[in-house]
Amino acid sequence: MNTKRLLAISIIICIALGRNIFAAPVFNAPAVRIQPNGDTLHCLVSGDEYYHRLHDAKGYTIVQNPLTGWWVYAAKSGERRTESGERWDVVATDYVAGSVDPASVGLTPNVGVDRETWHKLQKRFDVPEQYQHTPAKTSGRNHGTLNNIVIYIRFSDDDEISTPLSYINSMFNDSSANSTSMYQYFKTVSYNKLHILTHYFPTPNGNSIISYQDSHPRSYYMPYNAATNANGYNGDNERASREFTLLENAVNYVNTNSPVPSSINLDMDNDGYVDNICFVVKGTYTGWNDLLWPHKWSLYDRYVNINGFRVYTFNLQLEGSGEHYFSSSTFCHEMFHTLGAPDLYRYEDSHNVSGVGSWDLMCSNTTPPQNMGAYMKWKYGNWIDSIPTITVPGTYSLHSLGDPTYDNCVYKIPAQEPHQWYVLEYRDNLEQFETTLPGRGLLIYRIDDRFNGNANFDGISTFDEVYIFRPNAPNDTTNGNVAQAYFSPAAGRTQFSPVTNPFPWLTQNVIDTTIAITNITAPGETISFTYQDLRGCSKPAALQIQSIVHDTIVLGWWGRSGTYRLQYRLAGTTNATTVETSTNSFTLTALPLNTSYEWRVMGICSADEESDYSDWATFLTARCDEPLTAEYGSAGLPTYEMPVNATCNSYVQALYTSDEIGGQMRIDRIAFRYASNEAVDFLDSCTIYLANTTKETFNGVAESFLVPFNELQQVYKGPIDCSNGWNYIVLDSPFLYDGVSNLAIAILNNSYSINADQRYKFHSTKKDWQSRTMMYTSFRPIDLSQSLSNCERNRSAYRPDIRFTGCYEDIERYHVTVQVAPASAQYGDAWFTAPGVNGLANDELLNAGTVLTLYAAPYTNIPGTVCTFTGWSDGNTESTRTIILTQDTVLLANFSGQPAGIETAEGDIRIATAGHNVTVSGAQGLAVEFFDITGRSLHRATGDCTHRLPAAGVYIVHIQGHPAKKIVIK
C-alpha cells in the first residue's frame with residue numbers, strides 16, 4: 001500500500017444530511033512531537049477531519065501509546081479481523097518511532113483504519129436529526145455579497161497571535177487582479193456573481209490581531225491521556241461539549257466587547273442563520289482524530305446569535321498550520337462546501353482511484369486553488385444558468401471555462417443509460433487559477449445525477465457523481481492516468497470512442513457504444529470537436545398527449561430524426577392511417593368523441609435508413625363536445641418548487657375554489673405550465689391526488705393544516721415529462737368534482753432525493769389568500785401514511801398554474817350509511833372510508849362510482865366480554881370489503897358476544913369529548929380504562945380523569961361496573 005492509497009482509505013466526506021462536517025485533505029504535512037524524555041520527533045501527517053494519522057517519510061504509521069505517552073510505530077490489530085480478514089485497526093507497538101527501522105521488525109507501512117471504523121469516526125460528527133438545518137434554496141442562490149466573519153481564539157496558556165493581520169487579510173480579502181485570495185477566487189470563478197468579504201473580530205489593532213482568550217489551557221482541548229494529558233477530554237460527548245462551549249464563549253465575548261456592526265448583512269440567503277463564520281485558533285494541528293484539527297461542523301445544541309442571526313455552521317482553522325491548511329486554497333475549498341458543494345474524492349478501501357484528480361477544487365485542491373468543473377458551477381454554485389445539450393451530430397466549439405464571459409463554455413450529451421450524461425469543457429492552464437493544472441485541452445466527464453459527490457462510493461449501490469475519463473482506466477476500480485485526462489493533439493489524444501483509450505463507460509462499468517468524439521483540435525481561444533451519434537437512426541420514445549380540445553388532439557414524442565412517420569387506428573382494429581411530419585408532434589382533427597385510438601411513430605433518417613416503429617400507445621378523445629379548458633394562473637413567477645420541488649423529494653398541496661371552477665365535472669386530464677427551455681425527464685415517480693374539500697385556505701405549515709391523506713383520491717401515478725409550455729397528464733381514473741366544494745390537488749414527488757437543480761421551473765401565480773403549502777426532504781422518501789414532521793415546509797399565496805380538462809355533467813349522488821345493528825352495539829363497531837370521507841359520519845351523500853371500503857371490528861380485551869363479527873346485513877361475511885356506489889346504500893354489521901354481567905354502579909357518570917381530550921366525571925374512585933378499536937389498552941386511571949387520545953378515530957372507554965362506551969374523535 002502506498003501513500004496515495006492511504007488517502008483513498010482514510011479520507012472521504014459524507015454529504016448526507018445530518019453529516020455536516022468537511023475539511024480539505026492534507027498530504028505529508030510536517031509535524032513535530034515531543035517524546036516523554038524531551039526528544040523531538042519529526043514526522044508527517046496526512047488525512048482529513050474524520051481520520052488523519054502521523055507517519056514517517058516511508059509511510060509507517062505513528063501513534064501515541066496511551067499508557068506510556070511515547071510516540072511509537074503502529075501495527076494492524078489481529079483482534080479486529082473478521083473471518084474474511086476485512087476489518088482491521090491500528091494499535092501501538094513497543095517500537096519507539098525513529099529508534100528502529102520498522103521494516104526490520106516486520107511492521108507494515110500505511111496502516112490505517114478499515115471502512116467500518118472510518119464510518120464510526122465519521123458518525124461522531126453527525127448532527128442529530130432534531131437539530132438539522134437545511135439552508136433555503138432560491139433562484140439567486142450564491143449571488144451577491146456574502147460577509148464572512150472571522151473570530152480569533154487563543155488559550156489561557158497562549159500569548160497573543162503574532163501573525164500580522166496583513167498576511168491573513170491577503171488570503172481572504174486581497175482584491176488585486178492577480179491575487180489568489182478567497183475574495184478574488186470566488187469573484188472570478190462565479191463570473192462576478194459572488195463577492196465574499198471577510199471581517200475580523202475582536203476588531204484588530206492596526207496590523208495586530210486581537211483574540212478572545214479562553215479560561216482553559218490548550219491541553220483542555222486535547223484528548224485525555226493518563227500519562228501525558230490528564231486534563232484532556234474523554235470521549236466524543238465531552239469533546240463536543242468543550243468545543244461548543246469554547247465557541248459560544250468566543251461569540252459572546254465579541255458581542256459584548258467588540259460587536260459586529262449591524263450594517264454588515266450576515267444573512268445573504270434570508271434563512272435566519274449567519275452565512276459563514278470561521279473560528280481561527282492559535283497554533284497548529286495535533287496528530288490524531290481530535291478537536292484541534294481544521295474542520296467544518298455545526299453548533300447545533302445551543303442557540304448563539306450575532307445581531308439576531310443564529311450561529312450554526314462554522315469552520316475551525318488553526319492559525320499556525322501553515323500552507324498545508326491555513327491558506328487561501330483551503331479557505332476556498334471550505335467555502336464551496338458552505339455554498340453547497342460536496343467533495344469529489346472518495347473513500348474506498350481496496351483501490352486507489354480518484355474521480356477527478358487535481359482538475360477540481362473539491363477533489364485535490366492546489367495552491368493557488370484551481371477552478372471547480374463547469375458541472376459543479378452549474379449545480380452547486382448556481383453561476384452557470386444551464387448546460388446546453390447536444391442531440392444533433394456535428395462540429396462544436398467551446399470557450400475555456402475560465403473565460404470571464406463564460407459564453408459557450410460547456411456542453412452535455414445524453415448517455416445510453418438514464419440519469420447519466422457526458423459533460424465536455426475546455427480547461428486552459430495559462431489562465432488565472434488554472435496554472436496548477438497538469439495540461440491544457442478538452443475534458444470529458446461522466447455525470448451520474450443519482451448521486452451527490454464521490455465520497456460515499458462503495459462500488460455496490462453508491463457510485464461517483466462526477467468522473468473524468470483518463471487513459472488506462474477501463475473501469476471504476478482502476479485509477480489510470482488522471483493527470484493525462486485532457487484531450488488535444490499535443491497530448492496525442494484527439495478521439496474518444498468505444499475503440500479508443502480512454503473509451504466511454506458508465507456506472508457499474510457498462511460500456512457505452514452510442515457516442516464518439518473526434519477531430520479534437522489544438523487549444524487556443526477556443527477548442528473544437530466533432531460529435532458522432534453511433535446509435536444510428538433511433539426509435540422515437542416518450543410518446544405523449546400534448547393536448548386534447550374538442551375533436552382535436554396533439555400528439556408528441558422524443559426523437560433524433562429529420563422526418564417521422566406516424567400511424568394511428570381505432571383501438572382493437574388493424575387498419576391504420578399513415579402520415580409524415582418533420583417535427584416531433586402532429587395534430588389530428590375531426591375525431592369522434594369518447595373514442596379510444598392506438599398510435600405509433602418511426603424515425604426516417606434518410607432515404608435508405610429508417611428506425612423501428614415505437615410500441616403502440618393509446619389515447620382517448622374528449623368525452624364531451626365542450627370540455628373545460630380554462631386556465632388557473634397567468635404564467636406568473638417561474639419557480640422550481642411547484643408543482644414539485646425540483647431539488648428534493650416533495651409533497652405539495654394547492655387549492656382552487658368552486659367559484660373559479662364552476663359546476664360539476666368529470667376531470668380526465670390536468671396540465672402544468674413548464675417554464676424552462678430544457679426538458680425535464682427525471683420526475684419518474686410522481687403521484688397526483690384530487691379531493692373535494694371545504695378547506696378555503698392553509699392556515700399554517702403544520703401537517704394538521706393539510707387536507708387529510710384519507711380524503712384524497714389517487715388519480716395518477718407515474719412520470720411527469722415536461723417541455724416548455726403546457727404539459728398534459730392523462731389521469732389513471734377520472735375524478736368527479738361535485739361543483740360545490742373547493743378542489744384540492746396534491747402532488748407527491750419521490751423520484752429520488754436531491755434530484756436536479758433549480759433550472760427546472762414551473763409557472764405559479766399569486767392569489768390573495770394562502771393557497772399552497774409544500775413539504776420537502778432531501779434525505780428520505782416521503783410516506784404520506786406516516787408523520788411528515790421531519791420535512792422542511794413552507795406556505796405561500798402562490799400556486800401552480802394548472803388546467804383541468806373534463807366535461808361538465810350532472811353526476812348522480814347517493815346516500816351511504818354504515819352502522820352496527822342496534823342489537824350488536826355493545827360488541828363491536830363498523831365504519832367506512834372513501835376518498836374525501838373520514839367514515840365517522842353516516843348518511844353521507846357521495847358521487848356514483850365512489851369506491852367504499854367497509855370495516856367491521858369486534859371489541860377485544862374488554863374485561864369479561866367475548867365478541868365476534870357475524871356478517872353484514874346483505875349476507876356478506878368479510879370484515880373488510882370494498883363496494884362501488886351505484887345506489888342509496890345502508891349496511892349494518894352484526895356481532896355476537898357474551899356480556900360481562902357487571903351491575904351498573906350508582907351515580908351519574910358522564911363522558912365528554914373536546915377535540916382529542918376525553919373527560920370522565922362522576923366516576924368516584926372507579927377504575928377507568930381507554931382502549932383503541934382493536935382493544936389495545938391506551939391509558940388507565942382511577943376516578944375522574946382527562947386523557948388526550950392520539951388521533952382521530954373510534955375508541956372505547958370502560959368504567960368499572962359499567963358497559964363499555966364507544967366514542968368518536970374527529
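Okay, ground rules. What we have is a predicted model, where local features need pLDDT of at least 70 and side-chain atom pairs count only at pLDDT 80 or more, while totals for chains, interfaces and linings use all residues. Residues are numbered from 1 along each chain as its sequence is written, and side-chain values use heavy atoms, with hydrogens and water left out.

So, confidence. pLDDT is the predictor's confidence in each residue, from 0 to 100. The chain averages 83, and 86% of the residues score at least 70. A contact here means heavy atoms within 4.5 Å.

Now the big picture. The chain holds 8 helices and 58 strands; helices are DSSP runs of H or I with at least four residues, strands are E runs of at least two, and both are numbered from the N terminus. Of the 970 residues, 55% are buried, meaning under 20% relative accessible area with a 1.4 Å probe and protein chains only; exposed is over 50%, and partly exposed is in between. Among contacts with a separation of 6 or more, 69% are between residues 24 or more positions apart. For one local example, take Val63, in strand E4, residues 61-64. Val63 is buried, at 9% relative accessible area, and its C-alpha is 8.8 Å from that of Thr93, 30 residues apart in sequence.

On to helices. Why call H6 largely enclosed by the rest of the structure? Because 10 of the 11 residues of this helix, 328-338, are buried. Phe331, Met335 and Phe336 are among them, and so are His333 and Glu334. After H6 comes Gly340, with a positive phi near 120°.

H3, residues 165-172, has Leu165, Ile168, Met171 and Phe172 buried. They span an arc of only 130° around the axis, which puts them on the same side of H3; that arc is taken from the directions from the helix axis to the C-beta atoms. As a reminder, an α-helix has 3.6 residues a turn, so residues three or four places apart point the same way. And what covers the buried residues of H3? The cover includes strand E7 (144-154), helix H4 (182-189), strand E8 (194-201) and H6.

Next, two sheets. Two strands pair if DSSP finds at least two bridges between them. There's an open sheet of 3 strands, antiparallel, in the order E15-E23-E22. Its edge strands, each pairing on one side only, are E15 (394-399) and E22 (515-518). Neighbouring strands are turned by 30° against each other on average, direction ignored. E15 and E23 (526-533) run antiparallel, joined by 6 bridges, and His399 has Thr526 as its bridge partner in E23.

There's also an open sheet of 4 strands, again with antiparallel pairing, ordered E16-E17-E18-E19. Here the edges are E16 and E19 (466-468), and the twist averages 25° from one strand to the next. Between E16 and E17 (420-427) there are 5 bridges, with Pro414 standing opposite Trp421 in E17. Lying across E16, E17, E18 (441-448) and E19 is helix H7 (374-381), at about 115° to E17. Those angles run from 0 to 180 degrees between N-to-C directions, with axes as lines fitted to C-alpha atoms, for helices over the stretch in contact.

Last, the rings. The structure holds 45 aromatic pairs, where rings of Phe, Tyr and Trp (its six-membered ring) have centres within 6.5 Å; planes under 30 degrees apart are stacked, over 60 edge-to-face, and the rest tilted. Tyr185 and Phe186 have ring centres 5.1 Å apart and planes at 90°, so that pair is edge-to-face, and both residues are buried. Tyr396 and Tyr411 are edge-to-face too, at 5.5 Å centre to centre and 65° between the planes. That pair links distant parts of the chain: Tyr396 sits in E15 and Tyr411 in E16 (410-414), 15 residues apart. How accessible is Tyr411? Tyr411 is buried, with a relative accessible area of 12%. And one aromatic cluster to look up on screen: Tyr422, Tyr467, Phe469, Phe487, Phe496 and Trp505.
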